[in-house]
Amino acid sequence: MTPVDPHQPYDDDNIFARILRGDLPCEKVYEDDWAFAFHDIAPVADTHVLVLPKGRYVSWDDFSANASAEEIAGFVRAVGTVARDLDLVDAGYRLINNIGKDGGQIVPHLHVHLLGGRAMGPMLSAN
Ligand code: 5GP
């Protein structure tokens, strides 16, 4: 798949935009005014949930530069709420956000991977 350019224009047909609109199915976990969360289709941990802001932001770079304070607060709070709702706080969990080519971002709508349910091990693989 083509890696995301963090500066590319927002594509309203990207897969997560279609999920947010309800055009494609997902296993929904959470929704509020600012954020939407659902299970990753190819989980790499017992719990692997994607949390998205509802706004049209390509990447963390785009979001951190252009989102309103309300959107940023709403999204950050939603990530914490999802982790608490899934009872991940006591055992711990990992958040990952991939940005652009070196980060390995594939889908051009900002999303945080929330991973839990087992010890995550080292932060990065050796290669
Ligand atoms: P990225 O590499 O962009 O950070 O991660 C994209 C993630 O989206 C991957 O973990 C991938 O499994 C997940 N994904 C891709 N397409 C779909 C889909 O149609 N539905 C769901 N639920 N997850 C998807």
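**The ligand and its pocket**

A: The ligand takes up the space of the largest pocket (a pocket being, on a 1 Å grid over the protein atoms alone, an open set of points with protein on both sides within 12 Å along at least five of seven lines). This is a predicted model, in which local features need pLDDT of at least 70, side-chain atom pairs count only at pLDDT 80 or more, and totals for chains, interfaces and linings use all residues. Residues are numbered from 1 along each chain as its sequence is written, and side-chain values use heavy atoms, leaving out hydrogens and water.

Q: Thanks! How many residues surround the ligand, and which are the closest?
A: There are 16, and the closest are Asp40, Asn98, Ile106, His111 and His113. Being near means having a heavy atom within 4 Å.

Q: Which side chains have a polar atom by a ligand oxygen?
A: His111 has a polar side-chain atom 2.8 Å from a ligand oxygen. For Asn98, an N or O atom of the side chain is 2.9 Å from an oxygen of the ligand. Polar contacts here are pairs of N or O atoms within 3.5 Å.

Q: And what does the backbone of His39 do?
A: One of its polar atoms is 2.9 Å from a ligand nitrogen.

Q: How much of the ligand does the protein bury?
A: 80% of the 520 Å² that the ligand exposes when taken alone, by the Shrake-Rupley method with a 1.4 Å probe.

Q: Which element gives the largest share of the shell?
A: That's α1, with three residues. Helices are DSSP runs (H or I) of at least four residues, strands (E) of at least two.

Q: New topic: how do β1 and β2 run?
A: Antiparallel, joined by three bridges; pairing takes at least two DSSP bridges. A hairpin of three residues connects β1 to β2, and Tyr30 stands opposite Ala37 in β2.

Conventions. A polar contact is a pair of N or O atoms within 3.5 Å; within protein, one must be able to donate a hydrogen and the other to accept it, and residues adjacent in sequence count only if both atoms are side-chain atoms. On a 1 Å grid over the protein atoms alone, a cavity is a set of points where a 1.4 Å probe fits but cannot get out, and a pocket is an open set with protein on both sides within 12 Å along at least five of seven lines; lining residues have an atom within 4 Å of a point. A molecule sits in a cavity or pocket if more than half of its atoms lie within 2 Å of its grid points.
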